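Visitor: Could we go through this model together, a piece at a time? I'd like the cut-offs spelled out as we go.

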Amino acid sequence: MAMSTSSSSLSSLSSLSLHTSPRLSLSPFTAATTSITKPKRPISLFLSSTSSSRPTTVIFNAAAADVETSFFDNEDPEFDGVFEPPEVPEGFVPPPSFDDESSETEDEIAAAYEELYGPAYSGVSVLGNDIYVMDSNVKKTGAFGKLKKEKIRDGFEERVVQVRRVTKVVKGGKQLHFRAIVVVGDKQGQVGVGVGKAKEVIGAVQKSAVNARRNIISVPMTKYLTFPHRSEGDYGAAKVMLRPASPGTGVIAGGSVRIVLEMAGVENALGKQLGSKNALNNARATVVGIQKMRQFSDVARERGIPMEELWK
């Protein structure tokens, strides 16, 4: 029984080796590939039998072409190559070594650092830059964590004339806001009046300052810093009278009229409120009266006569 089992297994293995050898080969199937040659190492298979405890050793040969799978036919794997660097071009000057260079001074290092990253907080600038420029770029927060808006530095000064609380009646109740009146001027003949409303006083002042900068007018003045002639202006129910004054008189006016004249740079003038006492209307009436004024040189140029003939 054991002999029959071993003989059947040998026949099956022999047939397996003959049929599978062409599939394992990388070369096309030919008759030469089916020839059985003796390999370098024999392949042994151990088959266990149920009736006998001794394993049966089966040795069969495989073709040399079947086990040859090298893709680099022209390369020698045992070849030890030598690296040959490229030739140095003509006129090549090697850079100096880091150790051969002269050491930089502290001022040169500080100047290079300041050029890259700006002035430091040490309070000393090697390149002459502003040492407080980094502090001005820091975002500052105000109350309730809100970001503070920096004041506009354009040469104009701001002065608050009035801040009032106003309400608006809506369907659900009343909305509370603040209205601010601001006058801006450079005290050199430029002045403007603005008004703005917001839910906070600071926001209302900022809005009115922006509105005042949009309404800048030029004030005609003589060398004595007064008006060239008298004028009157009205806005709504407010009426304002403006008169020139001699040097040393000062600004004699009250309310918003005085603030407008001071921010314009007028030092000698007379002003009087003749109508309503509303601060906004009086300020705008003052602006209307100023806009009516004209210089003597402008009038003489328009008439085409010398300025001396205006008083004849």
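Visitor: Which residue in β8 is the bridge partner of E232?

Guide: The bridge partner of E232 in β8 is M241. Before going further, please note that this is a predicted model, in which local features need pLDDT of at least 70 and side-chain atom pairs count only at pLDDT 80 or more, while totals for chains, interfaces and linings use all residues. Residues are numbered from 1 along each chain as its sequence is written, and side-chain values use heavy atoms, with hydrogens and water left out.

Visitor: How many bridges join β7 to β8?

Guide: Five bridges join β7 to strand β8 (residues 238–244), and the two run antiparallel. Strands (E, at least two residues) and helices (H or I, at least four) are DSSP runs, numbered from the N terminus, and two strands pair if DSSP finds at least two bridges between them.

Visitor: And what is the strand order in that sheet?

Guide: The sheet is open, with four strands in the order β7-β8-β10-β9 and mixed pairing. Its edges are β7 (231–235) and β9 (251–252), each with a single partner strand, so one side of each is left without a neighbour in the sheet.

Visitor: Switching to helices: which residues of α4 are buried?

Guide: They are A204, V205, S208, A209, A212 and R213, where buried means under 20% relative accessible area, exposed over 50% and partly exposed in between (1.4 Å probe, protein chains only). These residues cover an arc of only 170° around the axis, taken from the directions from the helix axis to the C-beta atoms, which puts them on the same side of α4.

Visitor: What covers them?

Guide: The cover includes β3 (157–170), β4 (173–185) and β5 (190–198).

Visitor: Okay, aromatics. How many pairs does a search of the whole structure find?

Guide: The search finds one aromatic pair. The ring centres of F296 and W311 are 5.2 Å apart and their planes lie at 45°, so the pair is tilted; the rule asks for centres within 6.5 Å, with planes under 30 degrees apart counted as stacked, over 60 as edge-to-face and the rest as tilted, using the six-membered ring of Trp. The pair links distant parts of the chain, 15 residues apart, with F296 in helix α7 (residues 296–303) and W311 in the segment after α7.

Visitor: Is W311 buried or exposed?

Guide: W311 counts as exposed because its relative accessibility is 58%, whereas F296, at 29%, counts as partly exposed.

Methods
Contact means heavy atoms within 4.5 Å.
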